[in-house]
There are 4 protein chains.
Amino acid sequence: MVGGGQDAFIGAVHRMAARLDGHYELVAGALSSTPERARASGLALGLTPERSYPGWETMLQGERALPAEKRLQVVSIVTPNHLHFPVALACIQAGLHVICDKPMVVNTDQAQILVEAVERAGTLFAVTYNYSGYPLVRQARQMVRTGVLGEVRKVAVEYHQGWLATAQAEAGNKQAQWRVDPALSGPAGALGDIGTHAEQLASYVAGLELESVSAELSTFVAGRALDDDASVLLRFQGGARGHLSVSQIEIGRENDLRLSVFGTLGSLSWRQEDPNVLVYDRLDAPRQLLTRGGPGLSPEATAATRLPAGHPEAFIEAFANIYAGLAAHHRDREAGLEHTPDYPTVHDGLRGVQFVEAVLRSARSTERWTTVLAGQESA
Amino acid sequence: MVGGGQDAFIGAVHRMAARLDGHYELVAGALSSTPERARASGLALGLTPERSYPGWETMLQGERALPAEKRLQVVSIVTPNHLHFPVALACIQAGLHVICDKPMVVNTDQAQILVEAVERAGTLFAVTYNYSGYPLVRQARQMVRTGVLGEVRKVAVEYHQGWLATAQAEAGNKQAQWRVDPALSGPAGALGDIGTHAEQLASYVAGLELESVSAELSTFVAGRALDDDASVLLRFQGGARGHLSVSQIEIGRENDLRLSVFGTLGSLSWRQEDPNVLVYDRLDAPRQLLTRGGPGLSPEATAATRLPAGHPEAFIEAFANIYAGLAAHHRDREAGLEHTPDYPTVHDGLRGVQFVEAVLRSARSTERWTTVLAGQESA
Amino acid sequence: MVGGGQDAFIGAVHRMAARLDGHYELVAGALSSTPERARASGLALGLTPERSYPGWETMLQGERALPAEKRLQVVSIVTPNHLHFPVALACIQAGLHVICDKPMVVNTDQAQILVEAVERAGTLFAVTYNYSGYPLVRQARQMVRTGVLGEVRKVAVEYHQGWLATAQAEAGNKQAQWRVDPALSGPAGALGDIGTHAEQLASYVAGLELESVSAELSTFVAGRALDDDASVLLRFQGGARGHLSVSQIEIGRENDLRLSVFGTLGSLSWRQEDPNVLVYDRLDAPRQLLTRGGPGLSPEATAATRLPAGHPEAFIEAFANIYAGLAAHHRDREAGLEHTPDYPTVHDGLRGVQFVEAVLRSARSTERWTTVLAGQESA
Amino acid sequence: MVGGGQDAFIGAVHRMAARLDGHYELVAGALSSTPERARASGLALGLTPERSYPGWETMLQGERALPAEKRLQVVSIVTPNHLHFPVALACIQAGLHVICDKPMVVNTDQAQILVEAVERAGTLFAVTYNYSGYPLVRQARQMVRTGVLGEVRKVAVEYHQGWLATAQAEAGNKQAQWRVDPALSGPAGALGDIGTHAEQLASYVAGLELESVSAELSTFVAGRALDDDASVLLRFQGGARGHLSVSQIEIGRENDLRLSVFGTLGSLSWRQEDPNVLVYDRLDAPRQLLTRGGPGLSPEATAATRLPAGHPEAFIEAFANIYAGLAAHHRDREAGLEHTPDYPTVHDGLRGVQFVEAVLRSARSTERWTTVLAGQESA
């Protein structure tokens with residue numbers, strides 16, 4: 001693991017997700033950008049002194065020196081965004097599998113380089129778009145894929161938070177500090193932090209490719225360098241439309257990610273804060289509530305489920321499904337079996353960065369519509 | 001009453017709203033555009049044959065001929081949109097008070113004429129933006145006004161319906177037929193039918209004036225002449241921002257109007273389908289649920305409340321509050337008292353039409369932003 | 001109307017319910033037990049001075065003196081409980097139809113006398129068990145009747161309120177004062193006030209007859225003369241079982257009446273505070289939410305519905321369905337048509353009083369089970 | 001671990017709970033009552049062949065033979081109920097700490113023997129009443145303890161399931177088979193399986209001791225040997241009252257455990273299926289929703305919390321809090337520190353068994369009230 005030492009939030013989540021199913025063991029880490037803190041954090045987590053590395057470069061060197069069967073196999077990258085690229089690239093080039101937090105990197109050039117590096121190295125690469133690990137998100141994706149909703153007309157995705165409604169960074173909140181600093185977080189604020197989750201969730205479930213966006217980025221807290229609120233109109237290839245709203249200044253909203261997909265035959269709605277229910281509506285029929293572990297679910301949802309209905313699973317379990325997905329991929333490859341990843345890969349990471357850049361371009365443009373892929377404006 | 005005969009939906013609602021509190025008596029009507037049906041509908045509702053008029057012009061003539069104390073005092077206009085203007089204008093010019101369904105008229109010129117006519121005649125004029133009659137909507141408005149939320153940063157308003165997800169008009173649905181016909185409904189579909197409700201609700205509660213819009217109008221059902229879905233980014237005067245989403249093709253959504261207002265100190269959320277609860281969030285404090293009739297409510301909310309907490313009030317009661325508002329205004333005027341209307345007036349009707357036109361202009365524009373008032377584009 | 005003057009709550013509700021559909025007109029009343037207040041209340045409601053009677057006996061005399069076509073036809077009795085019996089009996093004997101609040105009377109002897117009087121007079125008699133007027137309660141009743149749930153095994157009914165958690169009567173709350181006074185309210189407190197609603201709702205929907213009860217009555221507020229909380233185990237004829245819990249001391253609960261019915265094939269759940277949804281579960285199938293006005297409803301539910309789905313109806317509309325039921329019965333009788341009442345009648349009123357008496361006996365007994373009808377104890 | 005091999009449900013839950021926080025390592029097991037299946041299950045879970053024991057007696061022998069520092073320290077007992085007692089007793093006598101599923105044993109005599117054995121051996125003993133591991137359950141307990149609710153008047157606890165609404169055991173459901181067999185499950189069905197959870201949750205939060213019960217046990221599915229539904233009226237020492245309802249035949253209910261506690265100053269409500277919200281009502285104040293990780297929580301709730309608000313935690317995390325509690329106790333003891341367990345101990349296990357026996361006695365009695373502790377009847 002790189003990053004995730006003391007004061008970090010997401011590192012601990014990655015470790016719980018890795019431990020939950022017993023597929024991973026933490027053997028080495030460079031857990032902070034400060035060498036002493038990195039060492040102390042490693043020891044506190046039970047790493048040996050030799051493998052509590054002071055930095056990620058030393059870690060890669062040290063591990064390379066070990067016999068193959070003792071060596072690190074997978075690296076989790078849980079640093080602030082600006083470090084994802086160099087660490088990931090070095091790991092790939094060292095032949096290591098990577099599990100990288102999102103947004104994968106801070107610009108498209110970096111993302112393209114990683115895509116090519118992964119293709120060259122043949123290593124596995126997961127991006128922890130963890131919300132796609134929820135069983136009922138997988139159920140929704142299957143229902144769209146199998147045509148249960150008919151043709152998708154509209155996708156609405158929202159991600160509401162309120163914890164940055166005041167100047168948290170200035171108040172000493174470590175989680176806020178790097179997120180609102182362009183040097184550490186990249187060119188996008190709320191858009192990169194949670195907008196990428198929203199975009200990925202919508203794409204993952206609806207199976208659509210974005211064509212163009214029309215965006216409004218706002219910064220409501222005085223003095224903040226990055227956006228803390230974004231509203232984006234979406235046009236998908238093939239004619240479907242949608243909108244995406246994300247905010248970190250909506251007081252009282254905790255982590256309220258919501259997705260609705262509307263088709264010609266039915267619709268689906270899901271909320272991350274109530275993740276064990278999927279609302280399913282059909283033309284001229286009563287609403288159905290599909291529950292995780294309950295009747296009528298697809299094999300894909302069931303495979304992501306650990307407990308019977310009514311015994312709620314939640315955030316960590318969904319996160320663990322990303323880890324379990326990469327582990328299963330690795331196991332199948334070792335066994336010489338075909339495997340189609342159900343976890344977000346480096347390609348999803350690339351698409352997320354393309355989305356961020358398109359929104360940034362749109363927000364600066366006087367044109368209503370900005371195409372996602374080309375960089376050229378269109379109306 | 002003009003309109004609202006057999007097969008009509010909203011006419012019956014107006015009559016129940018009028019009856020509920022005993023302030024109104026139905027004495028005359030021209031209840032359909034077909035003379036025979038108008039008469040039959042009037043008789044079925046207990047009108048005398050003489051006052052079951054075959055058309056609205058005859059009604060105005062007939063009533064003018066009656067002695068003043070027996071004459072119609074208020075006319076409810078519940079026809080398809082295209083008739084609102086001529087009927088309303090004639091009523092105002094006849095010195096009658098008017099309660100008119102929304103959208104008030106189909107273009108700004110008509111709206112301006114009504115505003116001037118009302119000012120000249122000194123009559124009362126209510127537009128049945130009925131959702132602003134809900135007690136907790138009035139509570140929300142008061143909380144914004146008194147500064148409880150701090151400065152308003154963002155307003156999100158959504159209105160989700162699904163009943164037009166298929167070609168209902170072609171299937172014989174009378175409610176659908178006039179709504180998707182530009183000749184009867186005006187230039188806007190879902191935008192005019194429910195978008196105007198959404199805009200008015202947001203303005204009524206947040207107390208902000210729209211500056212510019214960036215809109216996407218869609219028509220998802222093949223062959224439909226008007227929009228059935230609209231997404232609009234909003235910029236308000238003073239810097240607040242927002243978005244408005246309305247749709248009539250979201251299968252499974254019944255009448256799901258929602259409003260959230262986010263300020264620097266707190267936020268409020270309300271849903272029409274669960275109208276007796278107002279969600280109130282404050283910085284760093286547990287969420288509160290304010291309930292109609294419950295503790296902590298303003299006099300304005302209490303004045304709009306008939307029953308104790310837990311004895312739910314709903315759509316008809318809110319609608320009746322618009323009727324009761326005009327009746328109270330009338331009573332106070334007769335008594336020579338000052339009265340500030342709490343019901344939507346001809347000015348709100350005008351603003352709704354301006355909003356519709358701005359959205360229509362934006363949807364045709366290549367510019368990102370369209371100003372609401374001027375008609376000139378801005379970026 | 002008898003009772004329901006100033007300071008009364010339920011009288012105003014009866015009047016709104018009567019007005020809503022235009023079937024009734026308020027023509028006479030004895031609206032308070034204090035003659036001056038009775039007169040003043042009548043005048044305030046628009047009654048003529050002659051028909052603003054100082055007391056119910058005078059009202060019956062005065063009306064008898066009027067020509068038949070001008071005379072009162074139906075009397076609504078909305079006094080405290082102890083007056084229901086004499087007023088109702090006199091009205092029946094005067095050939096008037098009666099709409100009486102619940103509990104119908106304060107003991108079984110009185111109830112039996114009313115039953116016989118109604119049978120003798122041939123008049124109509126409704127008890128405002130208003131919750132049985134909700135469209136989805138009628139839907140639930142039909143689903144049980146038509147066997148959709150299979151054989152009913154279990155019925156759970158709860159009615160939670162909190163407004164009497166403190167000594168409200170002593171604090172000057174008029175609604176509380178008569179309810180906690182045995183001389184005005186009868187021998188039961190919460191049990192009579194809301195327990196009878198709960199019993200009736202369960203019986204109405206489940207179509208079962210109570211066989212025996214095992215009850216715990218509590219009085220939590222010091223100095224209160226009547227129960228403010230009741231828990232009752234239920235055994236129905238035919239083997240179904242259930243429990244009923246009602247309370248007026250549960251702080252924060254407003255008017256939270258809930259019913260669940262469990263059968264061999266499915267189950268139903270309904271909540272008065274969210275009355276437009278009926279939760280329907282079937283063996284091995286996803287949960288369905290049936291909505292008022294939505295797909296899949298019975299003619300009986302539709303007949304009790306005024307608005308489309310998503311336009312919520314609530315307490316007053318349900319109450320008005322009781323009034324509309326008696327009006328429809330009267331209309332059909334005048335037309336010589338058969339009519340099976342869908343509203344609660346004098347027989348339901350009797351059953352409610354029998355239930356109260358059985359619970360009171362059980363609470364004093366050392367035996368576990370008390371039979372409802374005989375008064376003899378059984379184990 | 002003893003029990004929890006193939007086809008088992010709860011064993012896998014225990015293992016995930018043990019792994020989540022990294023406090024435990026699975027080193028040995030006797031995972032099935034069938035020796036071959038025990039071995040196979042152990043190997044499948046990564047145990048060495050030597051420590052994949054064919055039975056629990058062999059496991060205890062084998063481990064005793066190991067050097068102390070390699071030896072098993074804690075045994076998780078996850079067998080059907082009838083084996084809890086012999087395995088637990090042998091483990092305690094071998095000086096091992098025990099984590100035992102509920103109900104702890106099948107009668108009071110066994111429970112008393114375990115209590116004494118634990119006291120003699122000085123070992124740690126947790127009963128996995130896992131619902132008491134939820135952070136907001138701990139919050140509720142603290143709010144009661146610190147007097148926020150005033151004096152507790154009433155406790156209502158319900159546990160609704162529907163999975164045994166049909167003859168599941170006969171249909172081959174392994175989870176059902178042992179639960180409805182008195183030889184494996186003990187004398188209580190739903191009462192033992194989920195009623196004990198309900199009783200413990202109520203006691204844990206309300207801090208009250210049961211005095212007497214009045215119970216109705218039902219068996220709705222033909223041919224079933226044990227109860228599948230129980231309704232119990234409760235009297236607590238000190239005058240508080242309550243009721244407990246548990247069922248496994250309520251079609252559509254998944255794992256719907258609910259608790260409400262009503263005091264003189266406020267009340268609390270919590271639902272296991274929505275575990276990240278605690279509803280808090282105060283006299284004459286708006287309802288508050290306390291959220292896990294949100295503002296206003298106690299140190300005890302925070303200590304049981306891993307993720308920020310809005311990132312839901314659920315069943316496994318709560319379960320892991322029981323495991324973490326015993327681990328923390330062990331750590332503190334090793335460090336010579338005082339430690340008050342926050343997890344359910346052998347004493348809670350005993351109280352659960354006493355509750356079951358009292359309910360069984362009550363259900364056979366003709367008296368209304370059965371005292372919990374004495375076995376003698378009282379009225």
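This is a predicted model: local features need pLDDT of at least 70, side-chain atom pairs count only at pLDDT 80 or more; totals for chains, interfaces and linings use all residues.
**Notebook: where chain C meets chain A**

I started at one strand pair: L289(A) stands opposite R287(C) in β11(C). Strand β11 of chain A (residues 287-291) and β11(C) pair in the antiparallel sense over 3 bridges. Strands here are DSSP runs (E, at least two residues), numbered from the N terminus, and two strands pair if DSSP finds at least two bridges between them.

Residues are numbered from 1 along each chain as its sequence is written, chains are lettered from A in the order in which they are written, and side-chain values use heavy atoms, with hydrogens and water left out.

Next I looked up the contacts (heavy atoms within 4.5 Å). I found 9 residues of chain C touching 9 residues of chain A. Of the area that chain C buries against chain A, P286(C), L289(C) and P295(C) supply 58%, more than any other three residues. Together the two chains bury about 740 Å², 68% of it on carbon and sulfur atoms; buried area is the accessible area (1.4 Å probe) lost on putting two parts together, summed over both.

Then I checked for salt bridges (a side-chain nitrogen of Lys or Arg within 4 Å of a carboxyl oxygen of Asp or Glu). The count between chain C and chain A is 0. Strand β11 (residues 287-291) of chain C gives the largest share of its side facing chain A, 4 residues.
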